[in-house]
Amino acid sequence: MEQDRLLHSEGYRSKTARMVFDRAPMSVNWELTRACDLACRHCRAEAMDCRHPEELSATEILDVLDGASAFGRPLPHVVFTGGDPLNREDLFEVLPGSRALGYGVSLAPSGTPLLTRDAIDRLAGAGIQTTSLSRDGSRAGRHDSLRDVPGCLARRIAAAQDVRAAGIPLQINTLVTEETAGDLRAVYDLVATFGITR
Ligand code: SF4
C-alpha cells in the first residue's frame, strides 16, 4: 500500500532516525485562524464566522517559526489549520515564508467553497507537501449533518479530485464516534477510490 511504502521509505526512516523527540517535535499543527464557514458539532477550535482580532500577523508567525528553528534540523513539519486557513488573505505569505525558513508545510483546509481549483493550484505552487480533507460519512446526509452545512460533502469530493489533479498528496481524516463507527467501512471503501496517500 502507498502508506506502507511511505512509512518504510528511506527518506522517512532517515528523517525519523535523526529526530530527537525529547528535544523537538516531529510536527506542529498551527491553528492560523478561528474563522470558519462550517459549524461542526465536534469542533475543538472554537471556530467562529470571522477572524479573531488577536490572531498573529504573518510577520509574527514567521518570527515564531524563525525562533523555533532553534529546534535544529531536521525541523518539524508544520501543518497549517484553523478554523479555515483559507480565510486568511495572507496565507500565501505565510506558506512561502515558512518554506524559506526550511520548514516542510501542509494544509488542513475546511473544504468550503473557498477551496477552489484556483486556490488549490496556488497551494501547489506554494510547495505544500500534503492537503488533508475530512470525510465523516458515506452519504451526504451523514456527513453534512455533522458539519451543519448542506452541500458540504459534495464540495469536498470535488476538492479532493482537484487536489489530486494538482499533484498534491491527499490525506483523508475521518471522525470516529459512537454515531459514525458503524459507517467506517463504507467510508473507507469510498475514500479508497480517491487515490489518497494517507
Ligand atoms: S471545519 Fe474544522 S474549524 Fe471549521 S467548524 Fe469544522 S472542525 Fe471547526
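Just after helix H4, Gly-102 adopts a positive phi of about 105° in this predicted model. Helix H4 has five residues that its own line of burial names: Leu-91, Val-94, Leu-95, Gly-97 and Ser-98. These buried residues of H4 pack against H3, S2, S3 and H5.

**Backbone geometry**

Most residues other than glycine have a negative phi, and most peptide bonds are trans. Several places in the model depart from this pattern. Glu-46 has a phi near 50°, a positive value in a residue other than glycine. Glu-46 belongs to the loop between strand S1 (27-31) and H3, and it counts as exposed because its relative accessibility is 57%, over the 50% cut-off. The peptide bond from Arg-73 to Pro-74 is cis, with omega near 5°, and Pro-74 sits in the loop between H3 and S2. A cis peptide bond also runs from Gly-82 to Gly-83, with omega near 20°. Gly-83 is part of the loop between S2 and H4.

**The ligand shell**

Gly-83 is also one of the residues around the ligand. By class, the shell consists of five nonpolar residues, two polar and one charged.

In soluble globular proteins, nonpolar side chains tend to be buried together. Here the largest nonpolar core holds 29 residues, among which Phe-80, Leu-95 and Leu-123 touch the most other members. At least two residues of this core come from each of the following elements: helix H3 (58-68), strand S2 (77-81), helix H4 (91-100), strand S3 (105-107), helix H5 (117-125), helix H7 (152-165), strand S5 (170-173) and helix H8 (184-191).

With residues up to four places away in sequence left out, the contacts of Phe-80 are Trp-30, Leu-32, Leu-65, Pro-85, Val-94, Leu-95, Ser-98, Val-105, Ser-106, Leu-107 and Ala-108. Among these partners, Val-94, Leu-95 and Ser-98 are also buried residues of H4.

**Packing of H6 and H7**

Helix H6 (residues 140-147) packs with H7 at an angle of about 105°, and the two axes are 8 Å apart. This angle falls between 65 and 115 degrees, so H6 is roughly perpendicular to H7. On the H6 side, the contact involves Ala-140, His-143, Asp-144 and Arg-147; on the H7 side, it involves Cys-152, Leu-153 and Arg-156. The residues of this contact comprise three nonpolar, one polar and three charged.

| Residue | Relative accessibility |
|---|---|
| Thr-131 | 1% |
| Leu-133 | 3% |
| Asp-90 | 11% |
| Ala-126 | 13% |

Thr-131 is found in strand S4 (residues 131-134). With neighbours within four places in sequence set aside, Thr-131 is in contact with Leu-107, Pro-109, Val-163, Ile-168, Pro-169, Leu-170 and Gln-171.

Leu-133 is likewise placed in strand S4. Leu-133 and Ser-110 are 23 residues apart along the chain, and their C-alpha atoms are separated by 7.1 Å.

Asp-90 lies in the loop between S2 and H4. Its relative accessible area of 11% is under the 20% cut-off, and therefore Asp-90 counts as buried. Leaving aside neighbours within four places in sequence, Asp-90 is in contact with Ser-57 and Ala-58.

Ala-126 is located in the loop between H5 and S4. Not counting residues up to four places away in sequence, Ala-126 touches Leu-95 and Arg-99. Of these, Leu-95 is also one of the core residues that touch the most other members. Ala-126 and Phe-92 are 34 residues apart in sequence, yet 7.4 Å apart in space from C-alpha to C-alpha.

Key. Residues are numbered from 1 along each chain as its sequence is written. This is a predicted model: local features need pLDDT of at least 70, side-chain atom pairs count only at pLDDT 80 or more; totals for chains, interfaces and linings use all residues. Side-chain values use heavy atoms; hydrogens and water are left out. A residue is near a molecule or strand if one of its heavy atoms lies within 4 Å of it. Ala, Val, Leu, Ile, Met, Phe, Trp, Tyr, Cys and Pro count as nonpolar, Asp, Glu, Lys and Arg as charged, and the others, Gly among them, as polar. A nonpolar core is a set of buried Ala, Val, Leu, Ile, Met, Phe, Trp, Tyr and Cys residues joined through side-chain atoms within 4.5 Å. Buried means under 20% relative accessible area, exposed over 50%, partly exposed in between (1.4 Å probe, protein chains only). Helices (H or I, at least four residues) and strands (E, at least two) are DSSP runs, numbered from the N terminus. Contact means heavy atoms within 4.5 Å. Axes are lines fitted to C-alpha atoms, for helices over the stretch in contact, and angles run from 0 to 180 degrees between N-to-C directions. Angles under 35 degrees count as roughly parallel, over 145 as roughly antiparallel, 65 to 115 as roughly perpendicular and the rest as oblique.
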